[in-house]
Amino acid sequence: MRSRIKWVALAGIVLSFVSLLVHLFLAKSSDTMKRYGGLNIFMDDLFPLNAPGKQGPGHRRLWGEIDALKTLQPYPKPRTAYPAPNVQNNGFIYAKIFGGFGNIRTSICDLVAISRLLNATLVIPEIQQSLRSKGISSMFKSFSYIYDAEKFIAALANDVIIVTDLPPNLKEARKRKQLPTFRPQSTDSPSFYRNNILPKLKKAKVIGLIITDGGCLQPILPQSLAEYQRLRCRVAYDALHFRSEILALGQLMVERLQASGQPYLAYHPGLKRDTLAYHGCAELFQDIHTELIQYRRRQLIKQGVINQELTVDSHAQKGNGSCPFMPEEVGLLLRAMGYPPRTRIYLAGSETFGGQRLLIPLRAMYTNLVDRTSLCSKEELAIVVGLEAPLPPDPLENLPAKSVKQQKDEWDKAGPRPRPLPPPPDRPIYRHEKEGWYGWVAEKETEPDPTPSDLREQAHRLLWDALDYIVSLEANAFFPGFDNDGSRWPDFSSLVMGHRLYRRASSRTYRPNRKYLTELLNATNGHLYYPPRNLTTAAKDHLNKSLAEEGLTQEFHLAKPISFLSHPLPECSCTTLKNIEILRSGKGSSYHQLYGELDECPAWLEQSLAKVRDQEASLDEVESEENEMDLEEQSEPEADNQTNGVPSSEQDDEMDPDD
């Protein structure tokens, strides 16, 4: 009896010790969750899966590179005589850039090309989104709020002379507004600058450009100016480095998403108020959101940006492919492709019009949907933002609550009246009584001027877009909810797709045809969440084709005429295929259109690529051997339980002495 009690006591001690270890493990995991910002970290990080076959055919089908595009390689170097810039040039160009992340990035590339075209010195451009903001960090101003100015100047030393500021005498002339200033458009041609602006530059020795159109030079240049297209690529992909704080946090986010060796997909919804207003997608939303979109559309009509009626059929616009995919539609398309519910999806974009309510169906389909707020802690984001001055308190923000006694006294002193008392006329509506920043819609016809808090938030969006750009660029797959919208405004998704095409064309970048897929989804509107097999098959077939030549051909016709950086082919790339191989391929005109105009990669580049391929092949061999060993180890216990083909239960029966 005593021995049994001892064994029970020992078992209790062991269980207590195991329970203590489990609690310590969960406490450590909880601390990790807090560091990540409040949402759960991925379950694969807590309990890594032993899946030696995860690199099998199913994994490659969803995450593998596109073999047909592996011949495309980045090659933005000059192909012709390219003299270095001369210090004794025609003068200086300074610029003010208005707009968001995409507008800024495209405008900077155009400015460098124009400075080279006019043989001028470029002054580091001013980013107005950060200059206009109140109380942002004094450590980072204007251009340096996003990009590294020193690396920008050094990377383009052989292309354009860039300085941080104007000489003192010209700076004084600028303050007195004595210098000629122009407002170029994104459709202006090189001849416009040579004929209209170059004479003024030579005369005044300095000109100013105010860029509000997301660029200042037409996307497609004539073949004789192909070197300027390659210069745009060198600016966008080699010279525009984010400042160190942004790069460090962006890489940390990528590491967290790829923890435990798992791939991830980046998704940008493209649900922005300006875009929705431009295309008339108001009816896709409800209540106050529809009014906000219509108000913005009315503004664009007054400014002459839109030459259409205020009210349009939003469902017809969506059927034409002019409106973004809704998040639940993207979830259905990803399910059709075969992505499992535990797929890691990063939600990019500093603005998702409609808020978290629109993301509920997608979160229900994919539980590992995260964004920067759930992947980073507030302290990590604060490092990127920098030390900021506190904003002045808003007197209407936090009004003191009235006690029950104060309310009763006011009621008693109000005098005789019919009860219940009707609301008094012209009663002020305080901000704390409104539902969000859009409460002005119920009060007046005009949108109020942005507050200091709004201006600061607009500056922060540049930082969030920069982080999302890094994460989207490094993603194993990228899916755009909206791109190439036809408004000639550079959009985030198009820039990411162009950068991925330039850097590694074989990376898995979806280029969906919204019109075709919307027709498929509308055909199954009656049973949207249980689509028939024909929808799944058709959607999968279309999306697979969009990854390769068919998708690139579509982008060539739709994206490049709007934004060169969204499709930098063929000027900024080369191919390892030989011309004779392209001619003998026997493929259609689209194949020859993509590859026929590409230059062959130089010998030194092919040699370096061959070394990289050999290293990757050796690593694949090591991984395959390790996977085979893991499978053998897993099969050994089963083999031990069998001898000469006799199951273990039968062996026990044979060895039983009672028999």
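Three strands make up an open sheet here, running in the order β1-β13-β14 with mixed pairing. Bear in mind that this is a predicted model. There's also an open sheet of five strands, ordered β10-β9-β8-β11-β12 and paired in parallel. The rest of this briefing goes through both sheets, then some helix pairs, and ends on a single glutamine.

- At the edges sit β1 (72-74) and β14 (599-600), each of which pairs on one side only.
- β1 runs antiparallel to strand β13 (residues 573-575), and three bridges link the two.
- If you want a spot to look at, Pro74 stands opposite Ser573 of β13.

**The five-stranded sheet**

- In the β10-β9-β8-β11-β12 order, the edge strands are β10 (369-370) and β12 (508-509), each with pairing on one side only.
- Strand β8 (residues 264-268) is joined to strand β9 (residues 344-347) by four bridges, and the two run parallel.
- Along that pairing, Tyr264 stands opposite Arg344 of β9, while Leu265 has Ile345 as its bridge partner in β9.
- β8 also pairs with β11, again in the parallel sense and over four bridges; here Ala266 faces off against Phe478 of β11, standing opposite to it.

**How enclosed is β8?**

- Five of the five residues of β8 are buried, so the strand is largely enclosed by the rest of the structure.
- Side chains in a regular strand alternate between the two faces of the sheet.

- Helix α10 (residues 244-257) lies across β8, β9 and β10, and runs at about 155° to β9.
- Helix α19 (residues 452-474) packs on the sheet too, touching β8, β9 and β11 (477-480), with its direction at about 135° to that of β8.

**α10 against α19**

- A pair of packed helices is described by the angle between the axes and the distance between them.
- For α10 and α19, the axes come within 9 Å and cross at roughly 45°, which makes α10 oblique to α19.
- The crossing of α10 past α19 is right-handed.
- From α10, the residues involved are Ile246, Leu247, Leu249, Gly250, Gln251, Met253, Val254 and Leu257, and they meet Leu463, Ala466, Leu467, Ile470, Val471 and Glu474 of α19.
- By class, the contact of α10 with α19 has 11 nonpolar residues, two polar and one charged.

**α10 against α17**

- α10 also packs with helix α17 (residues 378-385), at an angle of about 150° and with the axes 8 Å apart.
- α10 and α17 are therefore roughly antiparallel to each other, and their crossing is left-handed.
- Glu245, Ile246, Leu249, Leu252 and Arg256 of α10 make this contact with Glu380, Leu381, Ile383 and Val384 of α17.

**α4 against α9**

- Helix α4 (residues 101-117) and helix α9 (residues 226-239) have axes that come within 9 Å and cross at roughly 135°.
- The two helices, α4 and α9, are therefore oblique to each other, and α4 passes α9 in a right-handed crossing.
- On the α4 side, the contact uses Arg105, Ile108, Cys109, Asp110, Val112, Ala113, Arg116 and Leu117; on the α9 side, Tyr228, Leu231, Arg232, Val235 and Ala236.
- Sorted by class, the contact of α4 with α9 has nine nonpolar residues, no polar ones and four charged.

**Gln554**

- Gln554 lies in helix α23 (residues 549-558).
- Gln554 has 18% relative accessibility, and because buried means under 20%, this glutamine counts as buried.
- Leaving out residues up to four places away in sequence, Gln554 touches Arg511, Pro512, Asn513 and Ala559.

How values were computed. Residues numbered from 1 in each chain as written. Predicted model: local features only at pLDDT ≥ 70, side-chain atom pairs only at ≥ 80, totals over all residues. Heavy atoms only, no water. Buried < 20%, exposed > 50% of the residue type's maximum accessible area, 1.4 Å probe, protein only. Contact = heavy atoms within 4.5 Å. Pairing = 2+ DSSP bridges. Axes fitted to C-alpha atoms, helices over the stretch in contact; angles between N-to-C directions. Parallel < 35°, antiparallel > 145°, perpendicular 65-115°, else oblique. Left-handed = near helix turned anticlockwise from the far one by under 90°. Nonpolar A, V, L, I, M, F, W, Y, C, P; charged D, E, K, R; others polar.
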